[in-house]
Amino acid sequence: MTAKTPGAPASAPAPAAALPADATPAQRVLWLRDELDRHSYQYYVLDAPTIPDADYDALFSELQALETEHPDLLTDDSPTQRVGGAPLAAFDSVRHRVPMLSLNNGFEDDDVVSFDRRCAQGLGKTAVAAPADDLFGAADAADNAVEYSCELKFDGLAMSLRYEDGKLVQAATRGDGETGEDVTANVRTIKAIPLKLRGQAPAVLEVRGEVFMYRADFDKLNARQAEAGEKTFVNPRNAAAGSLRQLDPRITAKRPLSFFAYGLGELQGADRPPTHGVMLDGFAALGLPVCEERRVVKGAEGLLSFHRDIGARRDQLPYDIDGVVYKVNAIPEQEQLGFVSRAPRFALAHKFPAQEMTTTVEDIEVQVGRTGAITPVARLAPVFVGGVTVTNATLHNEDEIRRKDVHIGDTVIVRRAGDVIPEVVAVVLERRPADARAFVMPTACPVCGSHVEKLEGEVIARCTGGLICAAQRKQALLHFAQRRAMDIEGLGDKVVEQLVDQGIVRTPADLYKLGVAKLAALDRMADKSASNIVAAIDKSRETTLNRFIFALGIRHVGEATAKDLAKHFGKLDNLLAADEAALLEVNDVGPVVAQSIANFLAEAHNVEVIEQLRAAGVHWPESEPAARAAPLPLSGKTIVLTGTLPTLSREEAKEKLEAAGAKVAGSVSKKTDYVVAGAEAGSKLEKALALDVPVLDEDGMLKLLADNSGDAQ
């Protein structure tokens with residue numbers, strides 16, 4: 001990529017050389033394309049148009065006429081190819097070669113200070129706050145502070161653009177970060193995105209950025225929609241996302257979409273830039289739009305100064321943002337810090353405060369989620385919050401309702417931040433009416449009538465009708481068919497969705513009644529594919545008891561527990577007849593898991609489906625129950641590991657503890673027996689001390705193992 005000094009403006013492209021009077025059509029076409037690309041760059045990247053719109057339109061019309069007269073001169077990177085082609089049947093999936101990761105969020109100043117401290121520690125630098133007026137971190141005291149690139153967090157749709165030899169060949173949405181949707185045909189209509197890069201482009205360049213809509217363009221679009229008697233959009237983000245996901249690119253072409261580049265995916269044929277700032281300047285030099293509202297700072301105070309500056313000017317910006325983004329500027333330092341889970345350690349999204357409004361609770365109902373979770377939802381008098389009209393807000397769970405003391409009829413404060421589901425923040429108690437009513441959680445599922453359970457130590461109530469509940473049906477079928485369960489190849493999301501929506505399959509047992517004709521009648525399903533699925537279903541009739549138990553989708557019963565249950569009981573009938581006391585005798589089954597299994601098997605609907613599956617020919621080898629083993633020395637003990645131990649890795653310590661029968665948990669609670677803490681132990685250690693949970697170092701852990709079992713070490 002072209003390297004420039006961070007912050008240096010992109011240079012304006014030179015006008016195309018004058019054409020000779022006897023220029024050929026091919027020469028004229030090339031000249032027109034260069035001129036149109038130059039003027040688009042002046043308009044969309046530099047925000048400095050040099051000709052009126054009418055003159056641009058005249059050049060465009062001339063090029064369009066020449067390409068119509070000489071179709072052999074038409075190329076896919078011509079400016080005329082932005083008008084959109086034929087409608088698409090559906091979007092294809094795109095596997096991102098470099099994942100599009102999420103960012104961790106910060107909301108308070110302390111979150112930013114902690115982020116800077118973690119980065120400084122990881123890089124062996126000093127977490128020194130630059131003076132408040134030293135936005136660029138030039139103070140001597142901050143010489144060893146971490147340098148960051150600060151940008152805006154746009155309220156649009158994340159996009160990945162793939163250029164090969166300078167030409168745009170693919171555009172994909174973020175999707176789940178690993179796989180997105182191919183929206184190339186639509187993105188090609190966005191005039192802010194170059195179809196061909198300027199200058200010397202790398203062999204492969206994947207540009208990450210945001211598709212959005214300027215507020216002024218959004219207002220004009222809504223005015224046109226209203227005038228045409230069509231639906232108007234609630235906010236610019238919805239308008240941008242809806243425009244990009246049109247199956248007809250010609251509709252997208254009429255929408256005033258824009259783009260800013262801010263990240264790098266795959267790169268071939270060029271060295272990675274030394275800093276994030278140089279990368280953005282390189283993008284601009286290649287003709288890609290880059291937001292000017294960016295800054296390089298040092299230390300936490302530099303970050304916070306940028307946040308305060310942008311926050312003060314947020315309403316005056318020509319586009320919507322919901323925060324700012326900080327990234328360690330040096331690319332080698334980014335690589336040194338690496339990633340945690342699905343987010344980079346070197347970056348943070350600092351969100352602006354959520355927007356809040358007051359309204360009244362007209363009713364409280366419950367929704368049943370895909371996993372059986374029963375969630376109370378407040379039905380609200382409509383209120384405009386954060387750019388959308390809100391009529392529903394989550395109340396999370398029964399405990400949360402009690403904590404906030406929410407009654408039907410109350411006036412409440414509702415918050416919405418970005419794409420986060422609106423929530424009830426608090427009740428305005430002084431405005432509570434005399435006829436306000438308290439909410440009562442139902443004891444039976446409103447969808448299937450099964451018992452609603454709330455296990456000890458959990459805050460979420462759940463429906464126990466996992467195999468028959470319509471709300472959980474798709475999730476139950478996908479779980480049943482997955483590779484580690486019944487392994488029914490080909491029975492994926494799209495097929496299950498159609499089978500359930502059309503009422504063909506209600507329970508897993510119905511799968512074994514499917515024939516080729518019924519499957520072949522589904523959308524995008526050929527006879528061959530249908531035959532393969534039927535064959536996979538037939539093959540799944542022969543399985544193992546542990547796979548079958550896991551496939552039932554009993555809450556808290558994973559693969560390991562399913563194996564323990566199969567080994568302990570040997571036969572399914574033994575498991576079906578077991579009460580909670582018998583279940584507690586199974587290795588690694590505690591009170592919560594035992595209660596969950598017992599509640600599931602207490603539902604006659606679930607047992608009926610199990611019998612239907614056996615009647616359909618699903619079978620497995622059975623054996624006699626396993627002999628009762630002597631309890632391990634640390635059985636029943638829950639231990640949490642935190643920090644870095646002197647000689648043992650986290651995995652080695654976990655193996656030693658589990659070999660002695662202990663359960664190694666990921667979080668600290670009042671039920672934790674010990675916390676083993678090493679260097680740089682964080683919040684888990686603090687919580688253990690607050691709860692008076694015994695804390696051991698590595699030597700203490702090894703002594704605990706030695707005292708209880710000489711073989712454990």
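The mean pLDDT of the protein (the predictor's confidence in each residue, from 0 to 100) is 86, and 90% of the residues reach 70 or more. Over residues 2-9 the pLDDT falls below 50, and beyond near neighbours in sequence this stretch has 19 contacts in the model, a contact being heavy atoms within 4.5 Å. Over residues 130-141 the pLDDT is also below 50, with 23 contacts in the model beyond near neighbours in sequence. The model is predicted, and local features were taken at pLDDT of at least 70 and side-chain atom pairs at pLDDT 80 or more, whereas totals for chains, interfaces and linings use all residues. Residues are numbered from 1 along each chain as its sequence is written, and side-chain values use heavy atoms, with hydrogens and water left out.

The protein contains 24 helices and 26 strands; these are DSSP runs numbered from the N terminus, helices being H or I of at least four residues and strands E of at least two. The C-alpha trace spans about 95 × 70 × 65 Å along its principal axes. Of the contacts between residues at least 6 apart in sequence, 68% join residues at least 24 apart. Buried residues account for 47% of the 713 residues, where buried means under 20% relative accessible area, exposed over 50%, and partly exposed in between (1.4 Å probe, protein chains only). The accessible surface comes to about 34,400 Å², and carbon and sulfur atoms contribute 50% of this area; areas were computed by the Shrake-Rupley method with a 1.4 Å probe, and for residues only the protein chains shown count as cover.

There are 80 positive and 103 negative side chains, and the centres of the two sets lie 2 Å apart. Lys and Arg count as positive and Asp and Glu as negative, while His and the chain ends are not counted; each charge is placed at NZ of Lys, CZ of Arg, CG of Asp or CD of Glu. A search of the whole structure finds 38 salt bridges, defined as a side-chain nitrogen of Lys or Arg within 4 Å of a carboxyl oxygen of Asp or Glu.

One of these pairs is D155 with R237, whose closest N and O atoms are 3.7 Å apart. R237 is buried, at 17% relative accessibility. In a second pair, R308 and E301 meet at 2.3 Å, N to O; R308 is partly exposed at 42%, whereas E301 is buried at 16%. R484 sits in the loop between α12 (473-481) and α13 (493-501) and E559 in helix α17 (residues 559-569), 75 residues apart. Both R484, at 38% relative accessibility, and E559, at 32%, are partly exposed. Shared partners also join R97, R162, E164, E206, R208 and E266 into one salt-bridge network.

Backbone angles were examined as well. Most residues other than glycine have a negative phi. D165 has a positive phi, near 50°; D165 lies in the loop between β4 and β5 (167-173) and is exposed, with a relative accessible area of 63%. D487 likewise has a positive phi, near 55°. D487 is found in the loop between α12 and α13 and is partly exposed at 39% relative accessibility.
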